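Here is a friendly note to read alongside the model. Please keep the structure open while you go through the points.

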Amino acid sequence: MSLVLHYHPLSSFCHKVLIAIYETGAPVRLRHLDLQDAGERDAHRARWPLGKMPVLEDEASGRVLPETSIIIEHLQQRHPGPRPLLPADPEAQLDVRLWDRLSDHYVMFPLQAAVAAVIAGDAAQAAKAEAVSVAQLELAYGVLEQRLRDRTWLAGEDFSLADCAAAPALFYAGAVRPFAQDFPALGAYFARLLERPSVQRVLREAQPWIRYFPLLDRLPAAHRAAVER
Ligand SMILES: N[C@@H](CCC(=O)N[C@@H](CS)C(=O)NCC(=O)O)C(=O)O
């Protein structure tokens, strides 16, 4: 098997790609990456100088693919699975990419900023960073709420790349700014995501690691329960 995903089971961006893999059955071998280990970190930076994960390595061609959306599109071209995560119609594809970008840029990144500030250890700075993140998340949640009032999934009636991005972003962002009460359509959408076997599998596999999530004590009960079941 020549496709290898360098990943960590706790990482939100890795969850996005894992959900795509579990949805489609793409034949990808998972290789656990420990960025705390200096040797592994250096080896990973040799693979991809920005040092981010996940990274997909196509051992047969020697091609290295960073960036979750690119990885998922690469896998889709080769192993679309029974229900493709990108529609064939180019116009519809733009919609999927838009909502994928929205989850990454306006949910995942504010969440990462809040968590990074907590890890940095300065309580005053962390409070400031959190206030910025909360404001950004509220804006994004409002846009998602509007979008989801008349749709099952972000791009319509078919589960897509956009939903792969939204699931882990919302799972962790709920610890910074819970959404189920104030954004009911978004809350109902997240509940649908949690029923998806691919999402359940990713969260089950994250369970042994979840204690390392710095905002664990602030994860809403439904999110905690999804990891424990
Ligand atoms: N835009 C990137 C973001 C990837 C990313 O931020 N990954 C995080 C893990 S969730 C990471 O590698 N963090 C380690 C680091 O920054 O050193 C993508 O879509 O792949």
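**Notes on the ligand site and helix packing**

1. Let's start at the ligand: one of its nitrogen atoms is 2.8 Å from an N or O atom in the side chain of Glu67. That is a polar contact, meaning a pair of N or O atoms within 3.5 Å. The model is predicted, and local features need pLDDT of at least 70, side-chain atom pairs count only at pLDDT 80 or more, while totals for chains, interfaces and linings use all residues. Residues are numbered from 1 along each chain as its sequence is written, and side-chain values use heavy atoms, leaving out hydrogens and water.

2. A polar side-chain atom of Lys52 lies 2.7 Å from a ligand oxygen, and a backbone N or O atom of Met53 lies 2.8 Å from a ligand oxygen. The protein covers 77% of the 520 Å² of accessible area (Shrake-Rupley method, 1.4 Å probe) that the ligand has on its own.

3. Who surrounds the ligand? The residues with a heavy atom within 4 Å of it are Ser11, Ser12, Phe13, Leu35, Lys52, Met53, Glu67, Thr68 and Gln112.

4. Two of these residues deserve a look at the backbone. Met53 is joined to Pro54 by a cis peptide bond, with omega about 5°; Pro54 is in the loop between α2 (38-47) and β3 (55-58). Glu67 is not a glycine, yet has a positive phi of about 70°, and its place is in the loop between β4 (63-65) and α3. Helices (H or I, at least four residues) and strands (E, at least two) are DSSP runs, numbered from the N terminus.

5. Now follow α3 (residues 68-78): its axis comes within 11 Å of that of α4 (residues 90-120), crossing at roughly 145°. Axes are lines fitted to C-alpha atoms, for helices over the stretch in contact, and angles run from 0 to 180 degrees between N-to-C directions. The contact (heavy atoms within 4.5 Å) involves Thr68, Ser69 and Glu73 of α3 and Arg97, Asp100, Arg101 and Asp104 of α4.

6. Finally, the axes of α5 (residues 123-148) and α7 (residues 184-195) come within 7 Å and cross at roughly 75°. That makes α5 roughly perpendicular (65 to 115 degrees) to α7. Tyr141, Leu144, Glu145 and Leu148 of α5 meet Pro184, Ala185, Leu186 and Tyr189 of α7.

Definitions and conventions
Parallel < 35°, antiparallel > 145°, perpendicular 65-115°, else oblique. Polar contact = N/O pair within 3.5 Å; in protein donor to acceptor, adjacent residues only side chain to side chain.
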